[in-house]
Structures are given as C-alpha cells and as structure tokens.
Amino acid sequence: MTTRTMRRRLHHGDVDGKRNDELFDSSEVDGLSEPLLGNHIDDSSVPVPILEDLWDDERRKQHIHWTFVFSQLIAQWAQWLANIVLGSGSLIARLLPLSSLSQNGSNRKLLQPSLSPLQEARLRDLQQRLGVPFDGSQAEHQDALKQLWRLAYPDRELPSLKSELWKDMGWQGSDPSTDFRGGGFISLENLIFFAKKYPDSFQRLLNKRDGTRAEWEYPFAVAGVNISFMLAQMLDLQTGKPSTLAGVRFLELLADDEMAFDNLYCIAFQMMDAQWLAKRASYMEFNDVLKSTRTQLERELSLEDVYTVKDLPAYNMLTG
C-alpha cells in the first residue's frame with residue numbers, strides 16, 4: 001500500500017440511500033456528503049522498504065490490533081457488570097431513585113453533578129470554543145489552516161487557501177472552509193492538537209499507513225470534523241451541564257486535564273481507524289464505523305477505574 005491511498009470521487013454520492021447536501025444533520029451524527037477521494041499516486045515514486053522496516057511495521061500493526069481487541073473486551077466486560085448491578089432485578093436498582101437514573105442505553109440521563117469552580121471554568125471555556133463557527137474571512141482561522149498544512153506536510157509548499165492540493169489532506173473540495181459547518185473552528189483546533197501532540201499517530205492516519213486499506217478510503221480531514229461533532233453530541237456539551245453518563249464521566253476527566261476534549265478526540269480518531277480496519281470498511285460505511293466508535297468510547301468512559309484520559313484502554317493505541 002502506498003503512503004497515499006488511491007482515491008476516486010463519487011460524483012453522485014448518496015449516503016444511507018439519500019443525497020446529503022449538508023455535512024452534518026442537526027440531529028444526527030451521520031453526515032459525510034459527496035466525497036472527494038484525492039488523486040492517484042504513481043507507485044514507482046515510492047521507495048521500496050527494507051526487510052527490517054517491514055518487520056517493524058508488522059509488529060506495530062499487531063500491537064494496534066491486539067490493543068484494540070483487548071480494549072473492546074474490557075469495555076464489554078464492564079458493561080456486562082454494569083448491567084448486572086443496575087439490572088431491574090438487582091437490589092441496588094430497586095433502591096436507586098427513579099429520578100437519578102433512567103435506563104435508556106448509553107444516553108441515559110443522570111442528575112447533573114455539582115462541579116468544582118475549576119470544572120465549571122473549564123466547561124465554560126470548552127463550550128465557548130464549541131460555539132465558534134469557522135470563518136474563512138478571519139485571519140486567525142486562515143492562519144490555523146496554514147498551520148495544519150505545515151504540520152501535515154512539513155516538506156511541501158504551502159498552497160493558497162483555495163487550491164486543489166487541499167484534497168490531498170481529505171477535504172472535499174479546493175476550499176476547506178466549506179467543510180467545517182457543524183464542526184466549527186474547534187474541529188480545526190482538534191486536528192492541529194492531534195498533529196502536534198501525537199505526530200506519529202497523526203501521520204499514520206493521514207497517510208493511511210496501517211492495515212489493508214479500502215479502495216475508497218474515508219477522507220482524513222472531513223472525518224476529523226465529523227469526530228469533533230460526534231464527541232460534542234456524545235458528551236452532551238451543548239446543553240448546559242452534561243447529564244448523560246458519558247458526559248458526567250467526561251467532567252471528571254476535565255478536572256484532571258484542561259485539554260481532555262482534545263485528547264479524547266485523538267483517541268476517538270485512532271479508535272475510529274481501528275474500527276475501520278477491523279470492519280474492512282469502505283467509504284459508504286463511514287457512518288456505521290463512526291457509530292461503532294461512539295459506542296466503544298462510551299463503554300470505555302463507563303469503566304470505574306478511569307480517572308484520566310490516559311486510563312482509557314484505547315489510549316494505548318494512540319501511543320503504541
């Protein structure tokens with residue numbers, strides 16, 4: 001597999017049986033519209049790896065695979081125990097007041113927790129970030145796009161803000177500013193954070209280096225925008241104080257780490273790619289993979305021994 005997967009554009013992209021003219025639906029996580037899947041790169045320009053490199057790459061792939069498998073098993077085991085403890089026939093469930101816990105899958109509502117002044121300040125700052133739309137006319141937002149390009153391709157010349165070269169990163173058109181929509185400016189900040197904090201993982205995902213890739217790969221940058229949007233919904237961050245189980249657990253992580261959302265974003269991106277490979281998915285299955293990623297992340301957040309982002313089992317995939 002070359003470092004940049006051969007991609008094709010679907011000129012009549014229908015997702016889930018219907019045409020999507022918007023990147024995000026206001027009520028659903030579903031949301032890639034017509035994809036731009038880049039350009040074909042001649043294999044002859046790619047250097048042939050030596051045997052030692054192939055072995056190292058194979059060991060890294062095996063490490064990521066087994067870490068992903070074990071994180072799934074741990075999360076499923078925790079969910080099974082939770083179902084026993086909170087099941088309708090358990091003594092604990094009968095003693096719990098109905099107002100404090102409504103069983104509704106991963107979206108069940110809890111009583112809003114009392115927050116420390118530090119948590120309140122960090123939650124307020126995060127919600128302010130979530131409320132900032134991307135504005136291609138603002139110099140700060142333009143500079144952020146340029147910074148992302150330099151981090152992604154340090155050896156390539158910076159293109160203009162409207163250029164076909166942006167498709168190489170996985171934007172759907174020559175103007176990346178049209179792809180943010182529901183993701184907002186924070187989705188660009190998330191990508192920059194990922195590239196700076198975990199550059200090796202960022203480059204592996206950007207260039208699709210792990211595993212056997214699909215002919216129609218998910219577009220990297222647009223996938224990142226979708227992940228930001230999915231996280232904000234999953235964590236219930238747009239409705240005052242979060243009251244879902246995942247949102248409440250996230251507030252605990254936020255007390256420990258001011259950048260908990262950004263770190264969780266990086267884990268979710270790596271987890272999504274692992275799900276993609278495990279399912280042998282192709283472009284039209286991206287929404288299903290994103291939903292599976294959300295479910296897996298919710299399970300890991302429900303683990304009792306998770307106090308920081310680094311305690312999540314999937315964190316090992318990010319740093320492995």
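The term pLDDT denotes the predictor's confidence in each residue, on a scale from 0 to 100. The structure is a predicted model, in which local features need pLDDT of at least 70 and side-chain atom pairs count only at pLDDT 80 or more, while totals for chains, interfaces and linings use all residues. Residues are numbered from 1 along each chain as its sequence is written, and side-chain values use heavy atoms, with hydrogens and water left out.

**Confidence and overall organisation**

The chain has a mean pLDDT of 76, and 65% of its residues reach 70 or more. Over residues 1-54, pLDDT stays under 50; the model has 120 contacts (heavy atoms within 4.5 Å) beyond four places in sequence for this segment. Residues 82-106 also stay under 50, and for them the model has 26 contacts beyond four places in sequence.

The chain contains 11 helices and 2 strands. Helices (H or I, at least four residues) and strands (E, at least two) are taken from DSSP runs and numbered from the N terminus. Of the 320 residues in the chain, 49% are buried; buried means under 20% relative accessible area, exposed over 50%, and partly exposed in between, with a 1.4 Å probe and protein chains only. Among contacts with a separation of 6 or more, 71% join residues 24 or more positions apart.

**The nonpolar core**

A nonpolar core is a set of buried Ala, Val, Leu, Ile, Met, Phe, Trp, Tyr and Cys residues joined through side-chain atoms within 4.5 Å. The largest such core has 72 residues, of which Met-169, Trp-171, Leu-231 and Phe-269 touch the most other members. Helix α9 (residues 260-278) supplies the largest share of this core, with 12 residues. Beyond its neighbours within four places in sequence, Phe-269 is in contact with residues including Leu-191, Phe-194, Leu-205, Tyr-218 and Phe-220.

Helix α6 (residues 199-206) is mostly covered, with 6 of its 8 residues buried. The buried residues of α6 include Phe-202, Arg-204 and Leu-205. Just after α6, Lys-208 takes a positive phi of about 55 degrees.

**Aromatic pairs**

Rings of Phe, Tyr and Trp (its six-membered ring) pair if their centres lie within 6.5 Å; planes under 30 degrees apart count as stacked, over 60 as edge-to-face and the rest as tilted. The whole structure holds 14 aromatic pairs. Trp-149 and Trp-166 form an edge-to-face pair, 5.1 Å centre to centre with 70 degrees between the planes. Trp-149 lies in helix α4 (residues 139-152) and Trp-166 in the loop between α4 and α5 (184-197), so this pair ties together parts that are 17 residues apart in sequence. Both Trp-149 and Trp-166 are buried.

Phe-220 and Phe-269 form a stacked pair, 4.9 Å centre to centre with 25 degrees between the planes. Because Phe-220 belongs to helix α7 (residues 220-234) and Phe-269 to helix α9, the pair ties together parts that are 49 residues apart in sequence. Phe-220 and Phe-269 are both buried. Ring pairs also link these two residues with Phe-194, Phe-202 and Tyr-265 into a cluster.

**Charged side chains**

A charge sits over a ring if NZ of Lys or CZ of Arg is within 6 Å of the ring centre and within 35 degrees of the ring normal. Arg-156 lies over the face of Tyr-153, at 4.6 Å from the ring centre, and Lys-208 lies over that of Tyr-218, at 4.3 Å.

A salt bridge is a side-chain nitrogen of Lys or Arg within 4 Å of a carboxyl oxygen of Asp or Glu. By this rule there are 10 salt bridges, including the following.

| Salt bridge | N to O distance |
|---|---|
| Glu-164 and Lys-167 | 2.2 Å |
| Arg-213 and Glu-217 | 3.1 Å |
| Glu-252 and Arg-249 | 3.1 Å |

Glu-164 is partly exposed, with a relative accessible area of 46%, whereas Lys-167 is buried at 14%. Arg-213 and Glu-217 are both buried. Glu-252 and Arg-249 both lie in helix α8 (residues 245-256), 3 residues apart, about one turn of the helix. Glu-252 counts as partly exposed at 36% relative accessibility, while Arg-249 is buried at 11%. Salt bridges also link Lys-208, Arg-213, Glu-217 and Asp-273 in a network.
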